[in-house]
Each structure stands twice: as C-alpha cells, then as structure tokens.
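Please examine the sequence and the model shown here before reading on. The paragraphs that follow lead from one residue to the wider arrangement of the chain.

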Amino acid sequence: MIKQIAAAVSMLAALGAPASAQEEMPYGEAEFLNSCAACHGERGMGDGPLASVLTTPPADLTRLSEGNKGAFPYYRVFSVIDGRYLVPGHGEREMPVWGQQFVEEDAKTYGPNGGELITTERIHELTSYIETLQR
Ligand code: HEC
C-alpha cells in the first residue's frame with residue numbers, strides 16, 4: 001500500500017496535463033488551470049470569467065506575499081485551499097472546500113488513509129504553484 005501511494009504521489013506530477021504538455025506543465029499548474037482559474041484567473045490575478053457573478057471577489061493570488069511583509073504565507077494558503085479545518089467566518093464561503101472535494105475522489109482510489117495522503121500532496125502542489133505566481 002505504501003509503495004502504491006508513493007507511486008501515486010509521484011504520478012501526480014503528470015496528472016491533469018494533456019500528453020503533449022506533460023513534460024513542461026507540473027501538476028500544480030495543471031490543477032490550477034483546471035480548478036481555480038475560472039474564478040481566480042489564468043494568472044491568479046482574481047479576474048477569472050466567474051469573478052463577476054460572485055459576491056466576494058476572488059482573491060488576487062499574486063499579491064499574497066506582498067500582503068504579508070514579503071513572505072509567502074504558505075500554511076495559511078494551504079489551509080484556506082483545504083478549507084476543512086477553518087473556523088467558519090461570517091457569511092458563506094464562496095470558494096469550494098477543496099480538501100473535502102479532493103478527498104472524496106482520492107479515497108475512492110486509494111482508501112481513506114491513502115486518499116488523505118494524496119489530497120494533502122495535491123494541496124501542497126497547488127500551494128507551491130501559487131507561491132511561484134507572487135510578484
Ligand atoms: C467559485 C470560485 C472559486 C474557485 C473555483 C476557487 N476560488 Fe479561491 N477564492 C474564491 C473567493 C471568492 C475567495 C475570497 C474568500 C472567500 O470568499 O472565501 C477565494 C480565496 C482564495 C484564497 C485566499 C487568499 C488569501 O487572501 O488568503 C486562496 C489561497 C485561494 N482562493 C486559492 C484557490 C485555489 C488553489 C483554487 C483551486 C483549487 C481556488 N481558489 C478556486 C473563489 C474561488
């Protein structure tokens with residue numbers, strides 16, 4: 001099982017990208033374009049096509065370091081994306097709870113423990129990708 005999970009984690013690098021783009025496009029970027037760009041925009045600037053229909057504007061993900069004295073707030077970003085362990089704020093969260101969504105998919109393939117590992121890895125890949133978008 002552990003071996004299978006390790007293989008699956010390394011395979012994540014190739015997931016989601018079309019065959020021809022696989023070598024250039026890391027998993028984090030492919031998943032971002034697939035799941036996040038609709039709201040946050042292709043370059044993460046908060047200008048995706050769905051932005052205009054949301055009550056809360058989607059965050060500009062390129063300015064997270066800027067808003068945190070120049071240091072990328074890695075664990076905050078990680079936990080906002082995951083969303084399962086945040087204390088609910090006032091009003092409704094408009095962003096999907098990705099940890100929940102990913103773990104439901106991943107547990108089908110890897111079981112509850114393996115699924116959790118894969119989900120955690122996916123969120124790390126996304127967080128690292130967002131780190132590369134900082135200006
Ligand atoms: C349906 C639209 C929508 C989608 C899709 C979406 N987001 Fe968001 N996101 C938002 C909104 C709106 C906010 C502002 C806060 C809130 O309402 O929760 C936000 C906030 C965030 C933040 C917090 C930024 C900060 O200031 O700390 C991060 C990080 C983030 N999104 C990452 C992602 C990632 C990664 C994905 C894809 C896996 C994604 N979002 C997909 C709408 C979306």
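Leaving aside residues up to four places away in sequence, which residues does Ile 81 touch? In this predicted model, the residues in contact with Ile 81 are Trp 98, Ile 123, Leu 126 and Thr 127. Ile 81 also belongs to the largest nonpolar core, which has 14 residues. Within that core, Ile 81, Leu 126 and Ile 130 have the most contacts. Helices H4 and H5 each supply at least two residues of this core, and H5 gives the most, with seven residues. As a general background, nonpolar side chains in soluble globular proteins tend to be buried together.

Is Phe 78 buried, partly exposed or exposed? Phe 78 counts as partly exposed because 17 other C-beta atoms lie within 10 Å, whereas a buried residue needs 20 or more.

The wider fold may now be considered. The protein chain has five helices and zero strands, so that its pattern along the sequence reads α-α-α-α-α. Of its 135 residues, 23% count as buried. Among contacts between residues at least 6 apart in sequence, 42% join residues at least 24 apart.

The ligand is surrounded by 21 residues, the closest being Cys 36, Cys 39, Thr 56, Ala 59 and Met 95. Which helices each supply at least two residues of this shell? They are helix H3 (37-40), helix H4 (74-82) and helix H5 (98-132). By class, the shell comprises 16 nonpolar, three polar and two charged residues.

Lys 69 lies in the loop between H3 and H4, and its phi is near 55°, a positive value in a residue other than glycine. Most residues other than glycine have a negative phi. Lys 69 counts as exposed because it has 7 C-beta neighbours inside 10 Å, and the limit for an exposed residue is 12 or fewer.

Note on methods: Residues are numbered from 1 along each chain as its sequence is written. This is a predicted model: local features need pLDDT of at least 70, side-chain atom pairs count only at pLDDT 80 or more; totals for chains, interfaces and linings use all residues. Helices (H or I, at least four residues) and strands (E, at least two) are DSSP runs, numbered from the N terminus. Two residues are in contact if their C-beta atoms, placed from the backbone, lie within 7 Å. A residue is near a molecule or strand if its C-beta atom, placed from the backbone, lies within 6 Å of it. Ala, Val, Leu, Ile, Met, Phe, Trp, Tyr, Cys and Pro count as nonpolar, Asp, Glu, Lys and Arg as charged, and the others, Gly among them, as polar. A nonpolar core is a set of buried Ala, Val, Leu, Ile, Met, Phe, Trp, Tyr and Cys residues joined through C-beta atoms within 7 Å.
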